[in-house]
Amino acid sequence: MDEDLLRSTVDLAQKLGAEYAEARLHKIKTTGCLLRNGVPEPAMIGDAYGIGIRVICSGSLAFSATNDLSWDNIKVILEKAVKRAKASSSLLEYKIILSEERAINEDWRAEEKKSIENVGFEDLFEMLKNIEYQIKDGKAGVAFPNRLLVSTTLLEEKMYMNSNGARIRSRVPRLGFYSYVTTSYRGKTVTITIPSGYSQLGESGGWEVVDRLKIYEYVQKEAENLALVVKNDQKPPKETVDVVLGPDVSGIIAHESSGHPGEADRILGREAAQAGESYLKSDDIGLKIGSEEAYVSDDPTILHSNGFYLYDDEGVPARKRILIEAGVIREFLHNRSTAYEFGVSSNGASRSMSYDREPIIRMANTYIEPGDYSLEELLEDIKSGVYIKSFMEWNIDDKRFNQRYVGLEAYMIEKGEIKGMVRNPILEITTPKLWSSVDARGKEVEFVAATCGKGDPMQSAPVWTGGPDMRLRAIRLGAR
Amino acid sequence: MEIIELADLALREALKLGATDVSAICAKNNENQIRFSNNSITVTKNIKNLELFLYIAKDNKRMIGATSNPSAERIKIFASDLIKASEVISPSSEYTPLPKGEFSYPLHGIYDKKLAEDGVKLIDFAKEAVDAGIEAGATRVSGSLMTSEEEITIITSGDAKGKDKTTKILLNVRAFTNEETSGHGLSCAARIADFNPSEAGRVAGEYAKISINPHSWEEGIYDLVTMPTVTADIVQHIGSFSSAFTVDAGFSFLADKVDQKVGVDEFTLRDYGVVEGGLGGRGFDDEGAPTRENIIIEKGVLKGYLHNCTTARKFGKSSTGNAGIIEPHPWNLIVDPGMMSLDNIIKEVKKGILVTNNWYTRFQNMRTGEYSTIPRDATFLIENGKIKHPVSGLRISDSIPRQLNSILGISKDRRWIEWWEVSIPTLAPAMLIKDVTITKALQ
């Protein structure tokens, strides 16, 4: 990557009158394999490389991107960006000002033991064929007649420079797996994803990720459990019951009901026309939103995580962010612009997913902090309840207040013990009620990978969602 | 080099390296965007890209590549990388040769030079939308305004050779009141003459204003009036589930339903590669086959699926011109108009809900089409043929197959819809759907 090109770009932007400028060379190489019912679909190679530039002139922000890296072209798009920023004054009520941050000069890379660049299509297809062999005949007397298995690799390399003196170079490899299967029983067909909830298994790292994630064991275990889902027709209880949510469910809740509403750009209304706003207001730090047992954090620095990074795309060091602590809103996710408006330092949440996308506030790895209960201890004093271990359908309104999670693998709890399966229990609940109902958390946090959608044009960010088993008291569940 | 020369170079390189099938598509895009919130610009953007998409098959082994670095030198390396990668993968029993040309392609006909010029007054348009929203009763207006121009060319080993050029302008406006109610407006057009930012802003502002003081309501079964933005979201899923790939993979509620009644007589859904007013599509698909009109559902009967060559061979059909190398997909979906005015639709409703916008549609079971989605922005209770008052906090929980069979009315007026939540351009009417389950968070 041409460091001189970045320096020249930032210098020229300042000469043209920008009070701030940054430039990012961003390269993403991807491969993907898809096995449909045992048949290989065309394998895929992606190679995206270009430059993204932001300038601020008189408080107005302009972003330009191109994959033509000739200096003549960059000069033209830069001149136009400065011109556009200056021309925006007729509709500029709020100036963009960035928080002061330490200028970092750093090269960093995510840990990678077996280089992702040496992972061939034969490796990826072999992995899928092994999984196909494991699940195609089904377990517990139920087959999976349809199987769509996907494996992916990604190598993301960036070089970043800004007019405050930051210069950062990074390299993050990732590997992922996801699948869709169907299972049928007595004429009824159910579509399921493994992992559940349209999520993925994924980490940063090289080929060693396959072993670390124990992909084969995970899929085998999930398939055995999910094969039973289709046989079950037991309706969930209508009366108020205690509910224990499995890690997949507590993880998506952490992401949707704490992470998104805690994004400062949403709180300020900057995503209003698309991803929406937030039930939280600018002055809600310190607001009691849940019980003493509600703890949610977001941490980009978790080793091997899917959302791993050490510096964000504004050159700010990443760090753990405590979103909810003992039921109290503690921190929002910031970029340098929102940090300035809130009078704080950026906590390094600004990310861009490609050279042609502007950096915006994103979650990284959002999770419910562990407690000190085993699953048995969470269950033991529940007379009648439901354990929702995984989910499929979910959604939440654009203020992140009214949400729903529909169970996939779910069980009745009777006298402290897990009993027979229950069909699609629906947890449809407001955010304050949800967090206020938490009274205990398990010891073990589990993560799955996901892609989080936000921005316009859309940017899909790699994240982890995670949590432990989590107990909610006195909940009314719905049913289809 | 011109994009046709780049595509041609990729084709020749891949053939030289032993590929038996090659499709090379090269596209040049120029997008300009303004995003605004709280009546103020937050960012202006310009994104210029040149991309090459290359499909190759050799010895029944198939590869797809996409590169944003299509220099002459890089194209040679990229083609070589694809060929090398193909050597280690298994041949596919479903390999199908690309269609053989020469083909004649429908002209797109919708290229507005004015939209491609740098001088388009996007800031003025955004200001018009904001001002109209405020004038209509909102206190703050947010939105996104984007113009895009695409020049695209294809050349294949099947002697297909084509080019197309398109433009469009998309405005998405959301207006808010101090009482935190909101309204949504869109203006989506392929020509600047059809673009109306003031109307989008006014609609958003008026909806926000009349949504103040939402009333309490009971969850239960309601007749549902979907305004075009909501209809388009439902319809884009029907379009996606009509892809033969999705059907064959086992994840479509339209599986095994060809020639069967899947909806009411009044419901007809078509897809066009090229259509007057269409916001997407082109004259050729990714395999070089000409795009065309395809009737997906006619008078409630499923007529067929959308195919590329591979799925067509498997289903014993011809390509419908909807390739996607892996997955066929719709280009521009069009719901035939009904006979009713919106007023008459509302008059038909004894107890119902009118939804102007929605988001976050998720399926519990893709085979049964069971899903839920969340109405957002202005939403109203209808009683005895009249809009009674605004409501909020709803969720539509239903199945698309059931809804298709429960349509009581379709409006004669339709609108082109494409925005953040509806990615497939869709010409959609308002619809009245009987007995829809509406739920809410009871706790």
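1. Burial of one residue. A residue is called buried if 20 or more other C-beta atoms lie within 10 Å of its own, exposed if 12 or fewer, and partly exposed in between, with C-beta atoms placed from the backbone. By this criterion I346(B) is buried, since 20 other C-beta atoms lie within 10 Å. I346(B) belongs to helix α9 (residues 342-347) of chain B; helices (H or I, at least four residues) and strands (E, at least two) are DSSP runs, numbered from the N terminus. Leaving aside residues up to four places away in sequence, I346(B) touches V225(B), I382(B), G385(B) and I387(B), where contact requires C-beta atoms, placed from the backbone, to lie within 7 Å. From A14(B), I346(B) is 332 residues away in sequence and 59 Å away in space, C-alpha to C-alpha.

2. Basis of the model. This is a predicted model, in which local features need pLDDT of at least 70 and side-chain atom pairs count only at pLDDT 80 or more, while totals for chains, interfaces and linings use all residues. Residues are numbered from 1 along each chain as its sequence is written, and chains are lettered from A and ligands numbered from 1 in the order in which they are written.

3. Interface between the chains. In this interface, 73 residues of chain A are in contact with 71 residues of chain B. Strand β3 (residues 43-57) of chain A provides the largest share of the chain A side, 8 residues. That side comprises 33 nonpolar, 20 polar and 20 charged residues; Ala, Val, Leu, Ile, Met, Phe, Trp, Tyr, Cys and Pro count as nonpolar, Asp, Glu, Lys and Arg as charged, and the others, Gly among them, as polar.

4. Strand β4 (residues 60-66) of chain A and strand β2 (residues 40-58) of chain B run parallel and are joined by 5 bridges; two strands pair if DSSP finds at least two bridges between them. A65(A) has I47(B) as its bridge partner in β2(B).

5. Domains of chain A. Chain A is divided into domain 1 (3-231) and domain 2 (241-475), with bounds that come from an automatic or database domain assignment. The centres of these two domains of chain A, taken over C-alpha atoms, are separated by 21 Å. Their contact takes 45 residues from domain 1 of chain A and 36 residues from domain 2 of chain A. On the domain 1 side, β3(A) gives the most, with 6 residues. By class, this side of domain 1 of chain A has 22 nonpolar, 15 polar and 8 charged residues.

6. Domains of chain B. The assignment for chain B gives domain 1 (3-210) and domain 2 (220-439), whose C-alpha centres lie 22 Å apart. Here 36 residues of domain 1 of chain B are in contact with 31 residues of domain 2 of chain B. The largest share of the domain 1 side, 7 residues, comes from β5(B). This side of domain 1 of chain B has 19 nonpolar, 13 polar and 4 charged residues.

7. Three-stranded sheet of chain A. An open sheet of 3 strands has the order β18-β19-β22 in chain A, with antiparallel pairing. At its edges stand β18 (391-396) and β22 (426-430) of chain A, each with a single partner strand, so one side of each is left without a neighbour in the sheet. The twist averages 10° from one strand to the next; angles run from 0 to 180 degrees between N-to-C directions, and axes are lines fitted to C-alpha atoms, for helices over the stretch in contact. β18(A) pairs with strand β19 (residues 402-407) of chain A over 4 bridges in the antiparallel sense, and the partner of I396(A) in β19(A) is Q403(A). Helix α6 (residues 247-259) of chain A lies across β18 and β19 of chain A, at about 15° to β18(A).

8. Six-stranded sheet of chain A. A further open sheet has 6 strands in the order β21-β20-β17-β10-β26-β23 (chain A), with mixed pairing. Its edge strands are β21 (417-421) and β23 (438-441) of chain A, each with a single partner strand, so one side of each lacks a neighbour in the sheet. The twist averages 30° from one strand to the next. Strand β17 (residues 384-388) of chain A pairs with strand β20 (residues 410-414) of chain A in the antiparallel sense over 5 bridges, and I388(A) has A410(A) as its bridge partner in β20(A).

Note on methods
Two residues are in contact if their C-beta atoms, placed from the backbone, lie within 7 Å.
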